[in-house]
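I would like each geometric term to come with its cut-off.

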Amino acid sequence: MATPDTLRYTRIPLNNGSGAIPAVGFGTLIPDPAATKEATKTALEVGFRHFDCAERYRNEEAIGDAMQAVFRAGAIRREDVFVTTKLWNTNHRPERVKPAFDASRRRLQIETIDCYIIHTPFAFRPGDEQDPRDERGQVIYDSGVTLVETWQALERLVDDGQCKSIGLSDVNLEKVREIVAAARIKPAVVQVESHPYLPEWELLDFCREHGIVLLAFAALGHGLDPKVLDDPVITSIAERLHKTTAQVALAWAVQRGTAFLTTSTTPRRIQENFDISTLPEDAMREIRDGITTNVRFNTVVGTGVPGFIPRAR
């Protein structure tokens, strides 16, 4: 009898001993709250056990409602689900970190956060306006706080016991090195844009060296041009293995040692993105050696402004 393929159930241990993160993750950047709620329920039902949230997405309440509804039904328990959320740029000052963290917990309706991440390394002017701009439309940054000071405030959340692990997002290797050098509690997770057109091998090597999980967002290229899923190497592998191109790209992400996030509001696509299986070694080599396109779709690493989040009108 054939051994069942377990790639979709891969879990990666965290470096601080606080458990393991499911490699297959569901991203919740969905603008409509009703669609967010339905997609979250569907993702739980098909098997996703890792959900990536953020204060900045303005939909944590909908995710909390969906999770609680599924937990009440009894088949899935809170402790089965890994929940990440993120500290937004306007809350980098240390005195703002715990109130922001507690507000996310209340909206998500959970006592503990499995991983709390600094959304970007850029501090914006503190306040309730998430996207502070001057009269010329330029972002108003906050020079009164350093990333290390914000990180130390996250470390205190872990000390308090309601935050199991902490991490960074939208960072380059230089910033990760800076925090690793200064940290009392090392980052457990680094979340960055990564896909076959932006493999981030050097960052992945550094993360491996320090026991940090690299978590790839936009793992399918976010549907932008040039389209990752139209790449001839990926389409050829998909055809040969009778998989979708998305399944090939997502399996590649897990097999090379990263976790990934994928987002959809379509039940069929949500199911498809969970149903990944192991690629043969020759396919892994083809993707590494045969794809030469290199492109970053999101400029957030240079500005602190995520390119995929619509600005509030």
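The side chains of K86 and D52 are joined by a polar contact of 2.6 Å, where a polar contact is a pair of N or O atoms within 3.5 Å, of which, within protein, one must be able to donate a hydrogen and the other to accept it, residues adjacent in sequence counting only if both atoms are side-chain atoms. A further polar contact, of 3.2 Å, links the side chain of K86 to the side chain of Y57. The model is a predicted one, in which local features need pLDDT of at least 70 and side-chain atom pairs count only at pLDDT 80 or more, whereas totals for chains, interfaces and linings use all residues. Residues are numbered from 1 along each chain as its sequence is written, and side-chain values use heavy atoms, with hydrogens and water left out.

K86 belongs to strand β5, residues 82-87; helices (H or I, at least four residues) and strands (E, at least two) are DSSP runs, numbered from the N terminus. With a relative accessible area of 0%, K86 is buried, a word that stands for under 20% relative accessible area, against over 50% for exposed and partly exposed in between, with a 1.4 Å probe and protein chains only. Not counting residues up to four places away in sequence, K86 touches D52, C53, A54, E55, Y57, Y116, I117, H119 and Q191, contact meaning heavy atoms within 4.5 Å.

N91 is found in the loop between β5 and α3 (94-108). This residue is also buried, at a relative accessible area of 6%, and its side chain makes a polar contact of 2.8 Å with the side chain of R96. Once neighbours within four places in sequence are set aside, N91 is in contact with E55, R96, V97 and A100. In helix α3 itself lies A103, which counts as buried because its relative accessibility is 15%.

The strands can now be taken together. A closed barrel of eight strands runs β3-β4-β5-β6-β7-β8-β9-β10, with parallel pairing, and the twist averages 25° from one strand to the next. Two strands pair if DSSP finds at least two bridges between them. Strand β3 (residues 24-27) sends V24 and F26 one way and G25 and G27 the other way, all of them buried. Three bridges join β3 to the parallel strand β10, residues 259-262, where the bridge partner of G25 is L261, while two bridges join β3 to the parallel strand β4, residues 50-52, where F26 has F51 as its partner.

Between β3 and β4 the chain passes through helix α1 (residues 33-46), and the three make a right-handed β-α-β unit; right-handed here means that, with the strands pointing away from the viewer, the path from the first strand over the helix to the second runs clockwise. Helix α1 also packs against helix α2 (residues 60-73) at an angle of about 35°, with their axes 8 Å apart, the axes being lines fitted to C-alpha atoms over the stretch in contact and the angles running from 0 to 180 degrees between N-to-C directions. Among the residues that meet across this pair are P33, T36 and K37 in α1 and A62, I63 and D65 in α2.
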